Amino acid sequence: MAITTELKKIYSNYEDSRRFYDTVQLYHPNFDTSDVYPSDTSYPSNTSYPLEIDYLAFSFFLVRDDVDHDFEVDGIATKTFTAYPFNVIQPQVGEDQQDIGIVFDNVSLELLENIEIASQNQSVPIQMTFRVYMDGDTTSQITPIQLALTEIVVDMFTVSCKASRTDLFKRKLPFGKNTYFNSNFKGLIV
């Protein structure tokens, strides 16, 4: 993960006059974001999914702060990130599994209702993109991390889940013409 020099200064307490903001983008083709973000895109069925660029229309943009912020998303558009209480639990150094834990406050029925809608279509996981922004800059200060939400547990106060790279072992190695698959080289990938 690439981190900008400015964010490294904030993380090391060298530059404490600027704040950083953890943000998440939750996407699923069955999310109904029409109440939050006015959109002229119709609600998708379980079988028809939006075009590649329409993932912005079916996403919730949340920032861990007490006010909303406008940030740039993937260099495509500027979106309003809604202030929402959540916590990101980063993996410990030396752990085998590098999952990120995320806990949302269960203060909004809208989030819970959309998770339930997404659970009806389990063939498509809820995608989470984690970004970090800072004061005075609308671009992400890290390379956005795209993960899939798994192990979602809901109680009266919180929505807890793990965000992991579920496709990590399905990638071709190396990229290009001569790729290795576990079907071709059975002893290479364990």
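How exposed is Asp 74: buried, partly exposed or exposed? At 38% relative accessibility, Asp 74 counts as partly exposed; the classes are buried for under 20% relative accessible area, exposed for over 50% and partly exposed in between, with a 1.4 Å probe and protein chains only.

## Basis of the model

This is a predicted model, in which local features need pLDDT of at least 70 and side-chain atom pairs count only at pLDDT 80 or more, while totals for chains, interfaces and linings use all residues. Residues are numbered from 1 along each chain as its sequence is written, and side-chain values use heavy atoms, with hydrogens and water left out.

## Salt bridges

Side chains of opposite charge can pair when their charged atoms come close. A salt bridge here is a side-chain nitrogen of Lys or Arg within 4 Å of a carboxyl oxygen of Asp or Glu, and the count comes to three. Asp 74 takes part in one of them, with Arg 131, at 3.0 Å from N to O. Arg 131 lies in strand S7 and Asp 74 in the loop between S3 and strand S4 (77–83), so the pair ties together parts that are 57 residues apart in sequence. Strands (E, at least two residues) and helices (H or I, at least four) are DSSP runs, numbered from the N terminus. Arg 131 is buried, at 1% relative accessibility.

Another salt bridge joins the side chains of Asp 65 and Arg 19 (3.0 Å, N to O). Asp 65 is in the loop between S2 and strand S3 (69–73), and Arg 19 is in the loop between helix H1 (5–11) and S1, 46 residues apart. Asp 65 is buried at 16% relative accessibility, whereas Arg 19 is partly exposed at 42%. The side chains of Asp 22 and Arg 64 also meet in a salt bridge, at 2.7 Å from N to O. This pair links strand S1, which holds Asp 22, to the loop between S2 and S3, which holds Arg 64, across 42 residues. Asp 22 has a relative accessible area of 7% and is buried; Arg 64 has 32% and is partly exposed.

## Nonpolar cores

In soluble globular proteins, nonpolar side chains tend to be buried together. A nonpolar core is a set of buried Ala, Val, Leu, Ile, Met, Phe, Trp, Tyr and Cys residues joined through side-chain atoms within 4.5 Å. The largest has 26 residues, and those with the most contacts inside it are Val 24, Leu 26, Ile 102, Phe 104, Met 128, Phe 130 and Leu 149. At least two residues of this core come from each of S1, S2, S5, S6, H2, S7, S8 and S9. Apart from this core lies another, of eight residues, among them Tyr 21, Val 63, Phe 71 and Val 73.

Contact means heavy atoms within 4.5 Å. Leaving aside neighbours within four places in sequence, the residues in contact with Val 24 include Phe 60, Leu 62, Phe 86, Ile 102, Phe 104 and Met 128.

## Aromatic pairs

Rings of Phe, Tyr and Trp (its six-membered ring) pair if their centres lie within 6.5 Å; planes under 30 degrees apart count as stacked, over 60 as edge-to-face and the rest as tilted. The count comes to eight aromatic pairs. Phe 86 and Phe 104 form a tilted one, with 5.9 Å centre to centre and 50° between the planes. Phe 86 is in strand S5 (residues 86–89) and Phe 104 in strand S6 (residues 100–105), so the pair ties together parts 18 residues apart in sequence. Phe 86 is buried at 5% relative accessible area, and Phe 104 is buried at 1%.

Elsewhere, ring pairs link Tyr 21, Phe 61, Phe 71, Phe 81 and Tyr 133 into a cluster.

## Helix H2

The buried residues of helix H2 (residues 109–119) are Leu 111, Leu 112, Asn 114, Ile 115 and Ala 118. They cover an arc of only 165° around the axis, which puts them on the same side of H2; the arc is that of the directions from the helix axis to the C-beta atoms. The buried residues of H2 pack against strand S1 (20–27), strand S2 (59–63), S6, strand S8 (145–154) and strand S9 (158–164).

Asn 114 has a relative accessible area of 3%. The side chain of Asn 114 reaches the backbone oxygen of Glu 110 at 2.9 Å. Beyond four places in sequence, Asn 114 touches Asn 30, Phe 31, Asp 32 and Phe 60.

## Met 134

Met 134 is in strand S7 (residues 127–134) and is buried at 2% relative accessibility. The C-alpha atoms of Met 134 and Leu 7 are separated by 7.7 Å, although the two residues are 127 residues apart along the chain. Not counting residues up to four places away in sequence, Met 134 touches Glu 6, Leu 7, Ile 10, Arg 18, Arg 19, Phe 20, Tyr 21 and Gln 141.

Conventions: A polar contact is a pair of N or O atoms within 3.5 Å; within protein, one must be able to donate a hydrogen and the other to accept it, and residues adjacent in sequence count only if both atoms are side-chain atoms.
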